[in-house]
Amino acid sequence: MSSNSQVPSSQQKPLEKKLTLPSRETLSSLTSLPFVDTHTHLHYVLERLQSTPLRIDDYSTLRNTHFPSNLEFCINVLCDPETFAGDTLFPNTFMDWRVQASEPYIYLAAGVHPHNAKVYNDHIESLLLTILQHPKTVALGEIGLDYHYDNSPRDVQKQIFIRQLKKAVELDKPLVIHTREAEQDTYDILTTHVPPHWRIHVHCFTDSPEFAKRLIEFFPNLYIGITGVVTFGSAKNTQNVLRDVVPKSRFLLETDAPYMIPSKLNRNKKSNEKVAVCHSGMIPFIAQKIAEIKGVEIDEIMRLARENTRNMYGL
Ligand SMILES: [Zn+2]
């Protein structure tokens, strides 16, 4: 007899789903070609796993137990100023960026996200500059404008975006851009403050095909980042951008984990299990959808993405 039998049915909780992650066999099943997750927040992946039975405290265990063996590198993106001080606030933990940088498969990018523009100050900038000087830091970002959430006032977002763009040019760092529902302002600011030849990764692209086209035409070394969003039925913009605008030489594969689990991995409504979090090992399921949209084999997408990653990041 279940212990719930004495509780009126209206008070019974729905069955809690068991949190799991896909097996390495599942993640290895689509392709054996090497790949890079060009944009992820692995420290938040580990943070989320802390509240599940799958507690993992370190990056090598995460890789060895959950990523397929063809994952080569991840670019871990630090965009919250709190993580810039990880080496003093959370030393020797997975939140410490120096711990991340010491992991052979992890590279870093750092910049203040538009959501956090309102807290930007000289102290935060000096912490940011320290991370940018580390040899494993391959880009400045994600920085930009987000008029969907408007978590910081728009004039502050613009001012902090420009300030960081100037730093990137001064320090000769490639850029990672976050832009959402701010097409004209993003275009105007980038074309005014960044030289046309600059290497730019516009990450998790969800805006219009026209905007993607203008960016690609103005900046010959600009790449469009494609996340698990492309697998969602609702992601018509991203699918159209890929089909009609983005040449094969101008896209990158990224998860933006812990967000946006590719739909095929997440679709198991009947089962009592739920995928706990998105992570870098899921990249092949994004490539599979891109291959379908482009009408080519998945291994061609894997090869192109690997080469585009080399051109953008030198990795
Ligand atoms: Zn991100």
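Me: Let's start with His178. Which residues does it touch, skipping those up to four places away in sequence?
Reply: In this predicted model, His178 touches His113, Pro114, Glu142, Ile143, Gly144, Leu145, Asp146 and His203.

Me: Where is His178 in the fold, and is it buried or exposed?
Reply: His178 lies in strand S6, residues 175-180. Its relative accessibility is 13%, so it counts as buried, the cut-off being under 20%.

Me: What polar contact does its side chain make?
Reply: The side chains of His178 and His113 are joined by a polar contact of 3.4 Å.

Me: OK, what does UniProt say about His178 and His203?
Reply: An unreviewed UniProt entry puts the feature "binding site" at both His178 and His203. They gather at one spot, because no two of their C-alpha atoms are more than 5.9 Å apart even though they span 26 residues in sequence. His178 and His203 are also part of the lining of the largest pocket.

Me: Tell me about His203 then. Where does it sit?
Reply: His203 is in the loop between strand S7 (200-202) and helix H10 (209-218). With 3% relative accessibility, His203 counts as buried.

Me: And what is His203 in contact with, beyond four places in sequence?
Reply: The list for His203 is His39, Glu142, Val176, Ile177, His178, Gly225, Glu254 and Asp256. With His39 there is a side-chain polar contact of 3.4 Å.

Me: Switching to the metal. Which protein atoms are the donors of the zinc ion?
Reply: The zinc ion has His39 (NE2), His41 (NE2), Glu142 (OE) and Asp256 (OD) as its protein donors, at 2.1 to 2.3 Å. Along the chain, the donors follow the spacing H-x1-H-x100-E-x113-D.

Me: What's the geometry?
Reply: Irregular, with angles of 83 to 177° among the 4 donor atoms.

Me: Let's do Glu142. Which strand is it in, and is it buried or exposed?
Reply: Glu142 is found in strand S5, residues 137-146. Glu142 is buried, at a relative accessible area of 2%.

Me: What does Glu142 touch?
Reply: Leaving out residues up to four places away in sequence, the residues Glu142 touches include His39, His41, His113, His178, His203 and Asp256. The Glu142 side chain also makes a polar contact of 3.3 Å with the side chain of His41.

Me: Last one, His39. Where is it, and is it buried or exposed?
Reply: His39 lies in strand S2. It is buried, with a relative accessible area of 0%.

Me: Which residues is His39 in contact with, neighbours within four places aside?
Reply: Among them are Ile75, Val77, Glu142, Val176, His201, His203 and Asp256.

Definitions and conventions. Residues are numbered from 1 along each chain as its sequence is written. This is a predicted model: local features need pLDDT of at least 70, side-chain atom pairs count only at pLDDT 80 or more; totals for chains, interfaces and linings use all residues. Side-chain values use heavy atoms; hydrogens and water are left out. Donors are N, O and S atoms within 2.8 Å of the metal (3.2 Å for Na, K and Ca); water is not among the atoms, so sites may look incomplete. Four donors count as tetrahedral if all angles lie between 85 and 135 degrees; four count as square planar and six as octahedral if opposite donors are over 155 degrees apart and all others between 65 and 115; anything else is irregular. Helices (H or I, at least four residues) and strands (E, at least two) are DSSP runs, numbered from the N terminus. Buried means under 20% relative accessible area, exposed over 50%, partly exposed in between (1.4 Å probe, protein chains only). Contact means heavy atoms within 4.5 Å. A polar contact is a pair of N or O atoms within 3.5 Å; within protein, one must be able to donate a hydrogen and the other to accept it, and residues adjacent in sequence count only if both atoms are side-chain atoms. UniProt positions are given in the numbering used here, feature names are shortened, and annotations may be inferred rather than shown by experiment. On a 1 Å grid over the protein atoms alone, a cavity is a set of points where a 1.4 Å probe fits but cannot get out, and a pocket is an open set with protein on both sides within 12 Å along at least five of seven lines; lining residues have an atom within 4 Å of a point.
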